[in-house]
Amino acid sequence: MTERQRFKDHFDARLAHDLATRLSIVAPSFRAEAFTAQVIPQLAPLELKARVTVFAQALRDHLPRDYPTALSLLLATLGPPHREDQGMFNDGWYLMPVATFVELYGLDHLEVSLDAMHALTQRHTAEFAIRPFLVRYPDAVLARLHQWATDESFHVRRLVSEGTRPRLPWATRLDQFIVEPAPVFGLLEHLKDDPSAYVRRSVANNLNDLAKDHPELVVATLSRWREGADAQRLALIRHALRTLIKQGHPQALQILGAASPEVKLIALTVTPATVPIGGILHLAVQIESTSLHPQQLVLDYILHLVGTRGERRRKVFKWATRLLEPGATLTLTRRHSFAPVSVRRYYPGAHQIELQVNGAIIGDVTFMLEQA
């Protein structure tokens with residue numbers, strides 16, 4: 001996807017015509033022109049999920065009112081399953097409205113909807129569609145997910161993890177698993193050594209979600225998984241702990257072998273001293289070991305941003321993980337861009353950077369941010 005090609009731009013007039021054509025092939029009586037005439041005029045002012053909903057609502061209006069019949073026609077448009085570890089944002093965009101159709105209109109038809117999600121996730125995704133079914137039918141859907149945890153398709157196995165993430169981006173929050181996460185931990189236990197990196201990364205992301213509400217449970221689980229872990233599981237553990245590591249959680253750091261640091265800060269500098277919004281700040285740090293033993297060090301830097309009314313906002317950025325030998329000196333450099341991004345705005349004023357090593361703040365430095 002190019003920088004100019006936003007996700008929402010996939011849901012345009014071309015996609016409406018494509019989906020109408022696909023349905024016309026499997027259902028010659030489908031009113032393709034009426035479908036596109038309903039969808040296309042609504043799209044321009046809408047964002048991604050609203051556009052997808054427009055497609056799904058139009059499918060409801062122009063397909064048979066009987067949900068299983070309409071669903072069978074939609075599933076007849078499916079191509080072959082993906083065979084590689086690729087995410088949903090590659091192709092098959094027309095299937096996102098199909099999954100939303102299941103999400104919006106299939107709740108009274110549990111079994112056929114679950115079967116549809118099993119098929120859809122192998123070609124695009126069903127991680128959003130499954131969530132209202134988990135809310136209405138928790139026992140039945142969890143039982144199906146336990147079956148899917150050993151499915152031959154890694155896409156289906158990934159759905160077991162991704163569909164149960166309590167705080168999945170763009171999706172409805174699963175409060176039931178925020179309150180009681182045990183069912184999710186039970187599913188992830190089956191997937192921690194999945195042969196697919198695509199699945200293991202989803203497991204790590206799910207645990208990272210869970211850590212926001214149940215840090216001690218996540219730490220206890222990953223501490224147990226750490227015993228006898230191979231390289232693949234260790235990578236999963238590191239990724240799952242990323243938020244807790246940024247927070248300096250002591251037990252999370254211990255899992256990674258990062259104890260309280262025995263170091264001396266020699267220098268922490270930033271240049272230039274005044275940076276224009278949109279510019280680049282150069283960070284440099286030099287630390288020296290004061291320990292008699294090698295140390296595993298996790299270095300982060302914390303940027304304290306000025307808000308609109310002068311209030312401070314704290315953002316942690318990963319820097320490096322290094323093994324520091326006794327008496328050795330470590331020197332690192334880093335560039336930090338202040339180019340505006342959609343998730344973060346910058347305001348002029350005095351800003352501070354703190355250096356965090358194994359969860360401990362060992363130094364800070366200030367600089368000015370000004371309008372370009």
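Throughout this tour, contact means heavy atoms within 4.5 Å. Helices (H or I, at least four residues) and strands (E, at least two) are DSSP runs, numbered from the N terminus. The model is predicted: local features need pLDDT of at least 70, side-chain atom pairs count only at pLDDT 80 or more, and totals for chains, interfaces and linings use all residues. Residues are numbered from 1 along each chain as its sequence is written, and side-chain values use heavy atoms, with hydrogens and water left out.

**The whole chain**

Of the 372 residues, 50% are buried; buried means under 20% relative accessible area, exposed over 50%, and partly exposed in between (1.4 Å probe, protein chains only).

**Two packed helices**

Select helix H4 (residues 67–75) together with helix H6 (residues 110–120). They pack at an angle of about 10 degrees, with their axes 11 Å apart. Axes are lines fitted to C-alpha atoms, for helices over the stretch in contact, and angles run from 0 to 180 degrees between N-to-C directions. H4 and H6 are therefore roughly parallel to each other, a term for angles under 35 degrees; those over 145 count as roughly antiparallel, 65 to 115 as roughly perpendicular and the rest as oblique. Now show side chains: Tyr67, Leu71 and Leu75 in H4 meet Val112, Ser113, Ala116 and Leu120 in H6.

**A covered helix**

Move to helix H9 (residues 154–162), where 9 of the 9 residues are buried. Against which helices do the buried residues of H9 pack? They pack against H6, helix H7 (131–136), helix H8 (138–148), helix H11 (182–191) and H12.

**The nonpolar cores**

A nonpolar core is a set of buried Ala, Val, Leu, Ile, Met, Phe, Trp, Tyr and Cys residues joined through side-chain atoms within 4.5 Å. In the largest one, of 85 residues, select Phe35, Phe55, Leu145, Leu207 and Leu222, which touch the most other members. Helix H12 (residues 197–211) gives the most to this core, with 7 residues. Centre the view on Leu222: leaving aside neighbours within four places in sequence, Leu222 is in contact with Leu207, Ile237, Ala240, Leu241 and Ile255. A second, separate core of 28 residues includes Leu268, Val275, Ile353 and Val357.

**The open sheet**

Next, display the sheet of 3 strands, which is open, antiparallel in its pairing and ordered E1-E3-E6. Two strands pair if DSSP finds at least two bridges between them. At the edges lie strand E1 (263–271) and strand E6 (329–337), each pairing on one side only. E1 is joined to strand E3 (residues 280–289) by 8 bridges, and Thr271 stands opposite His282 in E3.

**Strand E7 and its partners**

Finish at strand E7 (residues 349–357). Is E7 enclosed or open to the outside? Because 7 of its 9 residues are buried, E7 is largely enclosed by the rest of the structure. Strand E4 (residues 295–306) runs antiparallel to E7, joined by 6 bridges, with Ile302 opposite Glu354. E7 also pairs with strand E8 (residues 360–370) in the antiparallel sense, over 9 bridges; here Gln356 stands opposite Ile361. E7 and E8 form a hairpin with 2 residues between them, and Asn358 in the turn has a positive phi of about 50 degrees.
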